[in-house]
Amino acid sequence: MTDSLHGHKARKRFGQNFLEDDNVINNIVHAIAPQVGDNMVEIGPGLAALTRFLLPACQKLHVIELDRDLAARLPNTLAGLGELHLHQADALNFDFAQLASIEHPLRIVGNLPYNISTPLIFHLLSFSHIVKDMTFMLQKEVVDRLAGEPATADYGRLSVMVQYRCQVDWLLDVPPEAFNPPPKVQSAVVRLTPWQNSPYNCQNETLLQHIVSTAFNQRRKTLRNCLKGLAEDADFIAVDIDPSLRAEVLSVQQFVQLTNQLNRHV
Ligand code: SAM
C-alpha cells in the first residue's frame with residue numbers, strides 16, 4: 001500500500017496498475033479528445049486518473065468498475081465534475097448495447113485490466129456496429145498483435161478479427177514507471193475505429209470467425225490440414241490461395257474471400 005493510492009491496496013486479480021504520471025495522463029486524455037455530447041464509457045476508472053478529466057470534458061460519462069471498493073469511492077471523488085453514471089459490473093459480460101444506438105454510438109475508453117484484455121476486446125467487437133471508437137491502454141504485446149501484419153509472429157486470430165472490424169492506430173508507448181504499482185510489461189495506447197465503410201464484404205461473419213479460429217488453432221500446420229472437412233483444394237484454388245500455406249500468411253481480405261467461397265456450400 002502506498003499513500004498515493006489513498007489507502008487502497010492494488011488488487012492483482014483485477015489487473016490494478018494505476019496511472020500516476022501526469023504527462024502520460026494528459027497525453028492519453030488529449031488523444032481521446034473528449035467533447036461535450038460524446039456518448040462515452042470508461043472501463044475500469046479505478047482511482048479516477050483519467051475520469052477526473054473525461055467527466056468535465058464530456059459533462060456526462062458512464063463508467064464500469066468491477067471492484068466494489070473503488071466503485072464506492074467514485075461518486076465522492078468526482079462530485080461536481082459532471083453527470084456520472086456508475087455501473088458496478090464486469091465489463092466482460094456488460095451489455096454495451098443498453099448505452100448506445102446507431103444514432104448515438106459509443107466512445108469506449110480505458111486503461112484496461114491486462115489480464116482480461118483479449119477476451120474483453122472480443123466482447124467489445126460484438127458491439128462494433130454501435131461504437132464510434134475505442135481508445136485503450138494495453139500491454140504493448142497485445143497492441144502489436146492488434147496491429148500485426150501477415151507473415152509476422154504477432155499476426156493471429158486477434159489481428160484478423162480486429163482488423164476485419166476496425167482500423168487500428170497505435171498512439172503512444174507508456175513505460176512501467178508511469179503506473180503504481182508498475183506492471184512487469186511495457187504498455188501502449190491504441191485506437192480502434194470500427195469501419196464506417198468496411199473494405200471487406202463478408203457474407204457470413206459467423207463462418208469467418210470459425211474459419212479464422214480453426215486456421216490459427218495449429219498455426220504450424222498448412223491451411224489444407226487445419227481446415228480439413230471445411231475446405232477442399234478446389235475451394236482454395238477458386239480464390240487463388242495455395243492450400244500448402246499457413247494461416248499466418250493470409251491477409252484479412254483472403255480470409256474473407258475464402259469464407260465467401262465456403263459460404264456457397266452452407
Ligand atoms: N483507470 C485507472 C487508471 O488508469 O489508473 C485504473 C486502471 S487499472 C489498469 C484497471 C481497472 O479496471 C481497475 O480499476 C480494476 O478494478 C478495473 N477492472 C478489472 N477488471 C474489470 C472488469 N472485468 N470489469 C470492469 N472493471 C474492471
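Colleague: Is helix 10 mostly covered or mostly uncovered?
Modeller: Mostly covered. In this predicted model, 9 of the 12 residues of helix 10 are buried.

Colleague: Which residues of helix 10 are buried?
Modeller: V252, F255, V256, L258, T259, N260, Q261, L262 and N263.

Colleague: And what covers them?
Modeller: The cover includes helix 6, helix 7 and helix 9.

Colleague: Take helix 6. At what angle do helix 6 and helix 10 pack?
Modeller: About 85 degrees, with the axes 9 Å apart. Angles of 65 to 115 degrees count as roughly perpendicular, so helix 6 is roughly perpendicular to helix 10.

Colleague: Which residues make the contact?
Modeller: Helix 6 brings V160, Q163 and Y164. Helix 10 brings V252, F255 and V256.

Colleague: How many of those are nonpolar, polar or charged?
Modeller: 5 are nonpolar, 1 is polar and none is charged.

Colleague: What span should helix 10 have?
Modeller: Its 12 residues, at 1.5 Å a residue, should span 16 Å. The end C-alpha atoms are 16 Å apart, so the two agree.

Colleague: New topic. Which residues touch the most other members of the largest nonpolar core?
Modeller: F96, I108, L138, L146, L227 and F255, out of 57 residues in that core. Helix 7 gives the largest share, 6 residues.

Colleague: What does F96 touch, beyond four places away in sequence?
Modeller: Its partners include V41, I43, I64, L106, I108 and F127. H123 is another of them.

Colleague: What other core lies apart from the largest one?
Modeller: One of 25 residues, including I25, I28, L50 and L172.

Terms used: Residues numbered from 1 in each chain as written. Predicted model: local features only at pLDDT ≥ 70, side-chain atom pairs only at ≥ 80, totals over all residues. Heavy atoms only, no water. Axes fitted to C-alpha atoms, helices over the stretch in contact; angles between N-to-C directions. Helix = DSSP H or I, 4+ residues; strand = E, 2+ residues; numbered from the N terminus. Parallel < 35°, antiparallel > 145°, perpendicular 65-115°, else oblique. Contact = heavy atoms within 4.5 Å. Nonpolar A, V, L, I, M, F, W, Y, C, P; charged D, E, K, R; others polar. Core = buried A, V, L, I, M, F, W, Y, C linked by side-chain atoms within 4.5 Å. Buried < 20%, exposed > 50% of the residue type's maximum accessible area, 1.4 Å probe, protein only. Expected span 1.5 Å × (residues − 1).
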